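Work through the exercises below with the structure in view. Each task is followed by a solution in steps.

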Amino acid sequence: MEYNQSKPYKIAMFVLNNSATNLPLFLFGYYMYYTQNILGLSGVIVGMIATSMRIFDGITDPIIGFFLDKTDGKFGKFRPFMLIGNLIIISCMLAIFNTPHGLTENGRYIWTTGFYILYIIGYTFQTACTKGGQVILTNDPKQRPLFSIFDTIYNTFIFTGGIYILMNIFAPRFENGLVNSNLWTSFSITIAISSFICTILAILGIWEKDRTEYFNLNTGEKLKFKDYFEIIKNNRAIQMLIVAASTDKLAGTAMNIAAVYLFSNVLLDSKLQGNFSAITGIPIVIIGIIGLNFARKFGLKKMFVITTWLGMISTIIMYILGLMNGNITLFLVFMFLQKGFAAVSTPIVIPMIADVTDYEKYRTGRFVPGMMGTLFSFIDKLISSLATTVVGFCLAYAGVSKSIILPNTFVSEKFNHAILFAYCALPIFGYLASLIAMKYYELTKERMEEIQKELANKKVNLTFEELNVIEKEVIEY
C-alpha cells in the first residue's frame, strides 16, 4: 500500500513544536525552587498550587482538542493554535520568573498563580498540535519513529544541555548563583526567544500538510463532546497507553524537580549537575537514536517495554547505592544508563498516540487527532500533577518546606532519604505500572500494518462511492 509520507527534514522541523513547549517546561522544573528560594513562598503551598494548576491544565485539554478537531480555516487546523499558544506561554513565563519584588507575600502567590493559569492555556494550545499534527504528517509505521528520533536529540539538548547552560554558564555570572533573581530574569528571556524560534520553524514544517485534504477525513458524522466518553470507555489501546505514560510522567517530573536538590544538597556539588549533563548528553542521544531505530524495525510497543525494563533495573540499583551512601561515580553511571533508556521510552510515546488515533479511525470511523491527543494529555496531567505535591511533602517531611536551601550545603540524613525517594523510589513504581499496562496494549508493529491496510482500503472504497454518486447525479441531470 502507499502511505502518506513527509520529507524527513519537515518532520524534523515540526518536532520543534514539542521543543518550543519543552523549553519553558524545563524552566518550570525550577518553579518550586524559584518560588521558595527567590520569592520566599512555602514549598508545600506552592506544590499544592502547582498540582491544582496541573489538574486545571488537564481539564482544558479536552475542550481545546474538541475545537481543534472542528477547526478548518484558511490558515489550517494547527498553525493558528501553535502560534497563539506560544505567545501566551512565553509572555506568562516571563511574568512569573520576573515577579515584582515589591509585592506582598499574598501578592506573590496571586501573581504567580494567575500567570500560571494563563501559561497552562497557552501550553495546551500548542501541545495539542504536537500530538495531533504528527498524524497528518505521516502514517508510515517506518516513518513515525523519526518523530521520536528528532525529539530525543532536541530534548537531550534541552534537558541536559539546558542544565549545563544554567549551572555552568549562567549561574557563575551572578553573585550567589541560583538564589539571585537576576539569574532567572536573564535565563527566562533566553528561553523565551529560543521557544519562539522553534515555533516558527515548526509552523513551516507542517505548512504543506496543514490543509483540508489531509485532515478532513470524517464520514459526515458530526463530532460531539460526549464522544470523549465513548473513546475512553471502549478504546483499550489509549487506556493502556495513558496508564503507562502518565505514571512514567509522574516519576519523570518528580525526578526533574528533585534533581537540583540531589546534586546540590545530597551530592553537595551543584556544578556536577551541569558537568554530568554536558558529558552524558551526546552518549544519551546516541542511545536514544539506536533504540528508536530498532523501534522502526521491531515496533514501538516492543522497544517501549524493553527500555522500561532496563530503566527500572538501573533505577533500583541507583536507589540502593544512594541509601547506602555508595560510590558516587557508580551512582552516576547508573543515572546515565537510566537517562539513556528514558531517551527511548519517553519520546516513543508521542508516535504511539498517533497509532491509537489511527486505531480509533479503524474502530469507529472517527478521525479525531485533537481529541485523542488531548484526552491522553487530560488523564496524563491529572496523574503527573501529583509530582510537585509529592516533592513538596518530601521537603516538609525533611523539615525544610519553607527554608532557603543554600547550594552545596548538607541539610540532614532525613532530607537525603526524602530526595532519594522522590528521585528513585517513585520512578520504580511508575515503571511497574507501565509494564503491567503494556501487557494489555495490542498495537504491535504487525497489528498496525493490518490497521493501515484496512484504512487504505476503506478510503479507496469511499472514493469509489463518491464517484458513483456523482455519476448518478450527472445521468439524472
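**Exercise 1. Find the handedness of the crossing of α10 and α14, then describe the packing.**

Step 1. α10 and α14 cross in a left-handed manner (the near helix is turned anticlockwise from the far one by less than a right angle; clockwise would be right-handed). The model is a predicted one, in which local features need pLDDT of at least 70 and side-chain atom pairs count only at pLDDT 80 or more, while totals for chains, interfaces and linings use all residues. Residues are numbered from 1 along each chain as its sequence is written, and side-chain values use heavy atoms, with hydrogens and water left out.

Step 2. Helix α10 covers residues 236–266 and helix α14 residues 349–364; their axes lie 10 Å apart at an angle of about 165°. Helices here are DSSP runs (H or I, at least four residues), numbered from the N terminus. Axes are lines fitted to C-alpha atoms over the stretch in contact, and angles run from 0 to 180 degrees between N-to-C directions.

Step 3. The angle therefore makes α10 roughly antiparallel to α14 (the term applies to angles over 145 degrees).

Step 4. On α10 the contact uses Ala237, Ile238, Leu241 and Ala245, and on α14 it uses Val349, Met352, Ile353, Val356 and Tyr359 (contact means heavy atoms within 4.5 Å). This contact has 9 nonpolar, no polar and no charged residues. Ala, Val, Leu, Ile, Met, Phe, Trp, Tyr, Cys and Pro count as nonpolar, Asp, Glu, Lys and Arg as charged, and the others, Gly among them, as polar.

**Exercise 2. Describe how α4 packs on α5.**

Step 1. The axes of helix α4 (residues 79–96) and α5 are 7 Å apart, at an angle of about 155°. α4 and α5 are therefore roughly antiparallel, and their crossing is left-handed.

Step 2. Among the residues in contact are Phe81, Ile88 and Cys92 of α4 and Trp111, Phe115 and Tyr119 of α5. By class, the contact of α4 with α5 has 16 nonpolar, 5 polar and no charged residues.

**Exercise 3. Describe how α1 packs on α5.**

Step 1. Helix α1 (residues 8–28) and helix α5 (residues 105–137) have axes that come within 10 Å and cross at roughly 155°. α1 and α5 are therefore roughly antiparallel, and α1 passes α5 in a left-handed crossing.

Step 2. The contact includes Ile11, Phe14 and Leu25 of α1 and Tyr116, Gln126 and Leu137 of α5. The contact of α1 with α5 divides into 11 nonpolar, 8 polar and no charged residues.

**Exercise 4. What lines the second largest pocket?**

Step 1. The second largest pocket holds about 240 Å³ of space. On a 1 Å grid over the protein atoms alone, a pocket is an open set of points with protein on both sides within 12 Å along at least five of seven lines, a cavity is a set where a 1.4 Å probe fits but cannot get out, and lining residues have an atom within 4 Å of a point. Grid points are joined across faces, edges and corners, and a volume is the space filled by probe spheres set on the points.

Step 2. The lining of the second largest pocket has 14 residues, with Leu23, Phe157, Ile158, Ile165 and Ser194 nearest its centre. At least two lining residues each come from α1, α6 (144–170) and α7 (181–206). By class, this pocket lining has 10 nonpolar, 4 polar and no charged residues.

Notes
Parallel < 35°, antiparallel > 145°, perpendicular 65-115°, else oblique.
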